[in-house]
Amino acid sequence: MVPDQNLRNAGIDVIEGEVVRVDASGRKVTLANGDTLDYHKLFLATGASPMVPPIEGRDLEGVMTLRGLPDACRIKNYFLEKKPRRILFIGAGFITLEVASLLAATAKDKMDITIVELMDRPLPLMLDMDMASLVKTHLEEKGLRVMTGEKVEKIIGTADKVSGVLLASGKELPADMVFMNIGTRPNVELATEIGLEVGRFGIKVNPYQETSDPHILAGGDCVEKFHFITGKPVPGQLRGPAVIQGRLAAKRLAGYAIPFPGVLNAGGCQFFERVATSTGLTEEEAKREGFDTITATVDSRSKHGMIPGVQPWRIKLVFDKKTEKLIGGQIVAHTVASAKSIDTVNALIWGGKTMSDLTTHMCACNPDISSEPSLEPISIAGEQALQKLKA
């Protein structure tokens, strides 16, 4: 059943159309077809759009971004019609890694795939260098070319079609298709026209999703969020916070007052046989925010050591030395199950748990689905951090 029909079955009117104007003083919304709608409360969920830097050649045929279904259909059609062989990705975030690995896996030996990243490692917003090196090694083992510390200066083309990119270092790389995945920007044009207060990362809202206009609420990728640990404004454009903010806005309209707690930007991606996840602050971010950190890295395994098919995985935890609280975690694993331990780390950060607390952490265990209890990596990381603290 389509989502619109589910809403209609729940007694909700669904109107498909573009909002072109909001009269906040008269509380009216005008649609592109001229229809107007009155409102008591208005909720803005205008989302975000791919960020496209002002690089020469960005409008050439074969230069793609990926944000939603229309983009995916355009990409699919281009592959079917043009059959590109040399694929180049700008940016090494999770969208790039997932798409690049899927292309490599489904068209093995038919594509040359190159990833160009301005930062010194893949997944730079998720992982520290020591964890990201595992990712880079795996991608290269699978035949992908990963170039870090390189900036794309220009996209080259002939007859309005992309043919390659020129790097700031002077290198020229051929390409039949270029993906630009370097982030998103919030869609705040309508909010700005209304006169709502807008911050650096989107529409400003209070903890109950209310904007500077008491009759207008907003949530999701279009709003500015704050970090649970630092309290500072952040983009936080992930699906988890968007869902919670929509839920809290609905609760507010129903008479509840449940505040949004902030974000940890927990996220993850899968590429080939590896999964990378993270939450909270990386060690690099924490130091940049002024934290004196203690970190612990533990190598674990997916099953009891005596069970066939055991796979290794690694976890890194970041602690604030002053308070001893857990403030971040990263996992690179062979299995999704192991990588889901990041949700446990996420909950421990929400709960304000310390190194000492983690030494008593007990997980449900079974030889077929987890390592032996004496090697539980989160508790071992707590032990390691305590030893470093006392050193």
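In the predicted model, strand β1 is joined to strand β2 (residues 28–31) by 4 bridges, and the two strands run antiparallel. Within this pairing, R21 stands opposite T30 in β2. The two strands belong to an open sheet of 3 strands, ordered β1-β2-β3, in which the pairing is antiparallel. The edge positions are taken by β1 (19–23) and β3 (36–38); each has a single partner strand, so one side of each is left without a neighbour in the sheet. From one strand to the next, the twist averages 20°. The loop between β1 and β2 contains R27. This residue, although not a glycine, has a positive phi of about 55°. Most residues other than glycine have a negative phi. With a relative accessibility of 28%, R27 counts as partly exposed.

N265 also has a positive phi, of about 55°, and is not a glycine. N265 is located in the loop between α6 (239–253) and β20. Its relative accessibility is 28%, and N265 therefore counts as partly exposed.

A further open sheet consists of 5 strands in the order β6-β13-β7-β8-β9, with parallel pairing. Its edges are formed by β6 (63–64) and β9 (145–148), each of which has a single partner strand, so that one side of each is left without a neighbour in the sheet. Strands β6 and β13 run parallel and are joined by 2 bridges. The bridge partner of M64 in β13 is F179. Helix α2 packs on the sheet, where it touches β6, β7 and β13. The direction of α2 makes about 165° with that of β13.

The largest nonpolar core has 32 residues. Those with the most contacts inside this core are I87, F89, L103, I113, L127, V135 and F179. Two or more residues are given to the core by each of α2 (69–82), β7 (86–90), α3 (94–106), β8 (112–117), α4 (129–141), β13 (177–180) and β20 (267–271). Helix α3 gives the most, with 5 residues. Apart from this core lies another one of 24 residues, among them L264, F319, I342 and L348.

The contacts of L127, leaving out residues up to four places away in sequence, are with R121, A132, V135, A276, T277, T282, Q330 and V332. T277, one of these contacts, is found in strand β21 (residues 274–280). With a relative accessible area of 8%, T277 is buried. Apart from neighbours within four places in sequence, T277 is in contact with M126, L127, G267, G268, G329, Q330, I331, A339 and I342. The C-alpha atoms of T277 and E224 are separated by 23 Å, and the two residues are 53 residues apart along the chain.

The aromatic pairs number 3. One of them, formed by F89 and F179, is stacked, with 4.7 Å centre to centre and 10° between the planes. F89 lies in strand β7 and F179 in strand β13, so this pair ties together parts that are 90 residues apart in sequence. Both F89 and F179 are buried. Another pair, F228 and W350, is edge-to-face, at 4.4 Å centre to centre and with 70° between the planes. F228 is placed in the loop between β18 (225–226) and β19 (233–234), while W350 is in helix α9 (residues 341–350); the pair therefore ties together parts that are 122 residues apart in sequence. F228 counts as partly exposed, at 30% relative accessibility. W350 is also partly exposed, its relative accessible area being 33%.

Charged side chains are placed over aromatic rings as well. K251 lies over the face of Y256, at 5.2 Å from the ring centre. The charged end of R252 sits over the ring of Y208, 4.5 Å from the centre of that ring.

Conventions. Residues numbered from 1 in each chain as written. Predicted model: local features only at pLDDT ≥ 70, side-chain atom pairs only at ≥ 80, totals over all residues. Heavy atoms only, no water. Core = buried A, V, L, I, M, F, W, Y, C linked by side-chain atoms within 4.5 Å. Buried < 20%, exposed > 50% of the residue type's maximum accessible area, 1.4 Å probe, protein only. Contact = heavy atoms within 4.5 Å. Phe/Tyr/Trp six-rings, centres within 6.5 Å; stacked < 30°, edge-to-face > 60°. Lys NZ or Arg CZ within 6 Å of the ring centre and 35° of its normal. Pairing = 2+ DSSP bridges. Axes fitted to C-alpha atoms, helices over the stretch in contact; angles between N-to-C directions.
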